[in-house]
Amino acid sequence: MSGRFSEQVMTEAMRDVAGILGVRCGDAQLLRLTNNAVFALPSSGVVIRIARTHQLRDRVVKVVLLARWFADIGAPTIRLAPGVQQPVEVGELVASVWEYVPPGSPAPTVENLGLVLRELHSLGVPPFPLPAWDPVDDARRRLADADGLRGSDRDFLVRWCDRLEPQIAALNQRAERSLIHGDAHVGNLLRQQSGRAVMCDFDATCVGPWQVDLAAVAVGEKRFARAGAHEALAAAYGCDVTSDPSWRLLREARELKMIVAAVPLLAASEEVTAEFDRRLRSVREDDHGTRWTPFADLTTPTKNAARRRLTYG
């Protein structure tokens with residue numbers, strides 16, 4: 001399928017960015033094609049990450065600012081590529097450029113995730129404004145950028161947002177303010193050559209209840225049938241989020257994010273559309289037994305070892 005954010009459009013944009021940087025892209029590898037198109041350029045030592053929705057382009061500016069602060073304080077995070085003026089604009093699209101981390105062994109684990117999250121949550125709030133955790137606002141912005149969304153599906157998602165919005169606001173009011181990653185799962189961990197596990201993908205990083213960062217694995221275990229991941233994370237971090245009084249709300253907020261993530265991409269992939277329909281139907285029917293398939297497994301063409309389930313930034 002074609003569209004404003006198709007693989008072909010993103011590949012052309014990647015080549016434009018490489019041209020601006022003056023680096024080779026002949027060995028470019030598409031790592032991820034979800035909310036961002038992520039290309040590794042191993043011979044040039046960089047990763048190019050292009051936002052695939054105009055509605056969220058301001059996030060790239062936030063991510064660059066965060067990455068610079070993380071580098072200053074030695075946080076357990078991936079680093080921007082040095083010597084590059086960022087963000088990089090190509091037409092209506094905007095990109096960030098990162099250091100390339102080659103595939104390493106052993107792969108990061110959920111135990112690594114728990115320890116990295118504890119360190120991340122201990123950093124405090126950055127000395128510049130960050131948005132409050134607001135999955136409903138994120139969802140509404142994605143709905144505004146949808147090419148292939150049916151009217152009945154849009155209406156259901158809008159009603160879901162309307163119901164969750166006051167609950168999210170109330171939780172933010174009573175919760176302790178903490179820096180949260182916002183999309184904390186093992187796929188957003190890298191292992192540097194030193195052996196250190198570091199976080200990447202800061203699109204959703206914000207200020208809010210730290211429990212948000214533990215919900216992703218717990219929900220993912222249920223929806224993707226990944227037995228044992230939540231228990232291991234709870235042990236490493238020292239908290240079982242499913243025992244939290246706000247667990248039901250945290251779960252719904254995560255599921256909303258996991259569904260609307262596909263909305264800007266519906267016109268570009270029949271497989272993503274089918275998975276979107278499956279997820280939405282299971283929520284409508286209050287069906288917690290249907291297993292979901294990660295969008296990343298549907299949108300990147302080459303399913304082999306070179307296709308690491310990673311995002312950068």
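Where is Asp201 found? I looked this up first, in what is a predicted model. Asp201 is in the loop that runs between β8 (197-199) and β9 (206-208).

I checked phi at Asp201 and got a positive value of about 65°, although the residue is not a glycine. Most residues other than glycine have a negative phi, so I made a note of it. I then looked up accessibility. Asp201 has 7% relative accessibility and therefore counts as buried, the cut-off being under 20%.

Asp286 is another non-glycine residue with a positive phi, here about 55°. I found Asp286 in the loop between α9 (270-284) and α10 (296-299). Is Asp286 buried or exposed? At 55% relative accessibility I put Asp286 down as exposed, because the cut-off for that is over 50%.

**Entry: helix α2**

I took α2 (58-73) next. The helix has 16 residues and reaches 24 Å from its first C-alpha to its last, which I noted as close to the 22 Å expected at 1.5 Å a residue.

**Entry: cis peptide bonds**

The bond from Gln86 to Pro87 is cis, with omega near -5°. Pro87 sits in the loop between α2 and β4 (88-90). The bond from Ser105 to Pro106 is cis too, with omega near 0°. Pro106 belongs to the loop between β5 (93-99) and α3 (110-121).

Thr109 has 30% relative accessibility and so counts as partly exposed. Leaving aside neighbours within four places in sequence, I have Thr109 in contact with Val186, Leu189 and Arg191. I also checked the distance to Ser152, which is 43 residues away along the chain; the two C-alpha atoms are separated by 40 Å.

**Entry: α3 against α7**

Two packed helices are described by the angle between their axes and the distance between the axes, so I recorded both for each pair. For α3 and α7 (residues 229-237) the angle is about 40° and the axes are 8 Å apart. I therefore class α3 and α7 as oblique to each other. Their crossing is right-handed. On the α3 side I listed Val110, Glu111, Leu113, Gly114, Leu115, Leu117, Arg118 and His121, and these meet Ala229, Ala232, Leu233, Ala236 and Tyr237 of α7. By class, the α3 and α7 contact has nine nonpolar, two polar and two charged residues.

**Entry: α4 against α5**

Helix α4 (residues 135-143) packs with helix α5 (residues 151-174) at an angle of about 160°, the axes being 9 Å apart. I therefore wrote α4 down as roughly antiparallel to α5. The crossing of α4 and α5 is left-handed. From α4, Pro135, Val136, Ala139, Arg140 and Leu143 take part; the residues they meet in α5 include Arg154, Leu157, Val158, Cys161 and Asp162. I sorted the α4 and α5 contact into nine nonpolar, no polar and four charged residues.

**Entry: α4 against α8**

How far apart are the axes of α4 and α8? I read 10 Å, with an angle of about 20° between α4 and α8 (residues 247-260). That angle makes α4 roughly parallel to α8. The crossing of α4 and α8 is left-handed. Pro135, Val136, Ala139 and Arg142 of α4 meet Ala253, Leu256 and Val260 of α8. The α4 and α8 contact comes to six nonpolar, no polar and one charged residues.

Notes
Residues are numbered from 1 along each chain as its sequence is written. This is a predicted model: local features need pLDDT of at least 70, side-chain atom pairs count only at pLDDT 80 or more; totals for chains, interfaces and linings use all residues. Side-chain values use heavy atoms; hydrogens and water are left out. Axes are lines fitted to C-alpha atoms, for helices over the stretch in contact, and angles run from 0 to 180 degrees between N-to-C directions. Helices (H or I, at least four residues) and strands (E, at least two) are DSSP runs, numbered from the N terminus. Angles under 35 degrees count as roughly parallel, over 145 as roughly antiparallel, 65 to 115 as roughly perpendicular and the rest as oblique. A crossing is left-handed if the near helix is turned anticlockwise from the far one by less than a right angle, and right-handed if clockwise. Contact means heavy atoms within 4.5 Å. Ala, Val, Leu, Ile, Met, Phe, Trp, Tyr, Cys and Pro count as nonpolar, Asp, Glu, Lys and Arg as charged, and the others, Gly among them, as polar. Buried means under 20% relative accessible area, exposed over 50%, partly exposed in between (1.4 Å probe, protein chains only). The expected span of a helix is 1.5 Å times one less than its number of residues.
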